[in-house]
Amino acid sequence: MIDRSQFRDSYHYALAVASEIAAPGLRLVARAVSRAGPVPPTSWRTGVIIGSDHIGDVLYRTCSLDALHSGLPDCRWSYLTSVSGAAVLAGNPALADVLPWTSDRDDHAVDPTKCEELATRRFDVALCSENIAHHHAIILALKFGIPNRVGFIRKGLSGLVTLGVTTDGPTSHPAAFRRMVESVTGVPDPSPLRPRIHPSATDLRAADSEWQRLAMDDSEFVIASAVTTRQTIGDFPPGFFVDVLRRALVLAPGARVLLSAAATDRPVLDAIAIDLGERAAGSAGNLHLRSVGAGLRRCAVFLGADSGPRHLANAAGIPGFFVRNMGATEIGSGKYCPTEIDIAPAGEYLSPQAMRTALETVDRDAVASALVSAARRQARDSIGGTRS
């Protein structure tokens, strides 16, 4: 069951193998701390989804939330996440509750003031949907005595879950979560993997207001770009993206560039906007996340890092050119949406320096040319009432 390709080093692989050797004992421990024994999915009435709380990780799980809701219509689903994760889940009809009670860290630490309330909810099942450090979600589910625990077993700890999910070889993180949903519902989901957000009327008005403030209508098309990321591994120099954007503006001088980032990144965006000239404008922290997603629908193409805006661009349905995180598995963090293009060279589990060296091999003229061609096609099809 253990997939060696999922491990960066032999130490963690050995721990996973050891967890399988200890699986019988782990099952006894898990049963002792659970409120009750496991029951079939059709008997579940309340469930909670636990996984990474970064914006992108939350967004790619939205690809399959509708299928989860329709496949188990008698179960009310809650999503345990951070404040930023909750922002992109607001208004999702597949969820009964969004609980913004964790931090943005990867250990899923619950706000101490919310632990008692979380325990009183007495969930029937937890979808432990973390792909990388999956033990955090499983341990949290055990902490609250949740009797049914669904988790991936390709990285070990099968003794702590009651329904183990397998995949047919390495797969992208969104496809893995879809496989988890299919495992519990018993229903295949053939729809494209595309994140879903649900902007409110207020979100749409805010996006329109920002668009007008930045005079984005004065363009052949708009290139959306987000060059910063909070990832500690996979953070590339903004200069790479600026170089591609500069070349794109030479090919399409009538285009405009819309730079977006968090408010803390405003100095970086201001410097890039000055570098690119009058055809570029920045919007740092001016919009809520769903408003950003709504604004992306008016853009023709996206260029950026493997961060939250990449997934928002996928939700908007526009072509997306991104540099995946080469510090993780190539297929895990690579392309999953039919409208996106991974412009990173081959390579996985690379060090930060090795990633930067690999990025130097990318043909920036080719990326700029492909980006402009995709933008023009998208702009033409949007005018014609279709989407590329």
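Guide: The accessible surface of the protein chain amounts to about 16200 Å², and carbon and sulfur atoms hold 57% of that area. Such areas are computed by the Shrake-Rupley method with a 1.4 Å probe, and for residues only the protein chains shown count as cover. The model is predicted: local features need pLDDT of at least 70 and side-chain atom pairs count only at pLDDT 80 or more, while totals for chains, interfaces and linings use all residues. Residues are numbered from 1 along each chain as its sequence is written, and side-chain values use heavy atoms, with hydrogens and water left out.

Of the 388 residues, 54% count as buried, where buried means under 20% relative accessible area, exposed over 50% and partly exposed in between (1.4 Å probe, protein chains only). The C-alpha trace spans about 65 × 45 × 40 Å along its principal axes. A compact globule with 388 residues would have a radius of gyration near 21 Å, and the 22 Å of the protein chain agrees with this; the radius is taken over C-alpha atoms, and the globule rule is 2.2 Å times the number of residues to the power 0.38. The secondary structure comes to 15 helices and 12 strands, which are DSSP runs numbered from the N terminus (helices H or I, at least four residues; strands E, at least two).

Now the part requested. A search of the whole structure finds two aromatic pairs. Rings of Phe, Tyr and Trp (its six-membered ring) pair if their centres lie within 6.5 Å; planes under 30 degrees apart count as stacked, over 60 as edge-to-face and the rest as tilted. The rings of Phe7 and Tyr13 are edge-to-face because their planes stand at 70°, with the centres 5.7 Å apart. Phe7 is buried at a relative accessible area of 8%, whereas Tyr13, at 27%, is partly exposed. The rings of Phe240 and Phe241 have a centre distance of 5.3 Å and planes at 80°, so this pair is also edge-to-face. Both Phe240 and Phe241 are buried.

Burial can be followed at other sites too. Ser78, in strand E2 (residues 76-81), is buried with a relative accessible area of 3%. Beyond its neighbours within four places in sequence, Ser78 has contacts that include Val48, Leu99 and Phe123, contact meaning heavy atoms within 4.5 Å. Pro147 belongs to the loop between helix H7 (134-143) and strand E5 (148-152) and is buried, at 8%. With neighbours within four places again left aside, Phe123 is among the contacts of Pro147, as are Arg35 and Thr162. Among contacts between residues at least 6 apart in sequence, 64% join residues at least 24 apart.

Backbone angles give two further sites. Most residues other than glycine have a negative phi, and most peptide bonds are trans. Arg122, not a glycine, has a positive phi of about 50°; Arg122 sits in the loop between helix H6 (115-120) and strand E4 (125-128) and counts as exposed at 52% relative accessibility. Ala215, not a glycine either, has a positive phi of about 55°. The loop between helix H9 (201-213) and strand E7 (222-226) holds Ala215, which is partly exposed at 38%.
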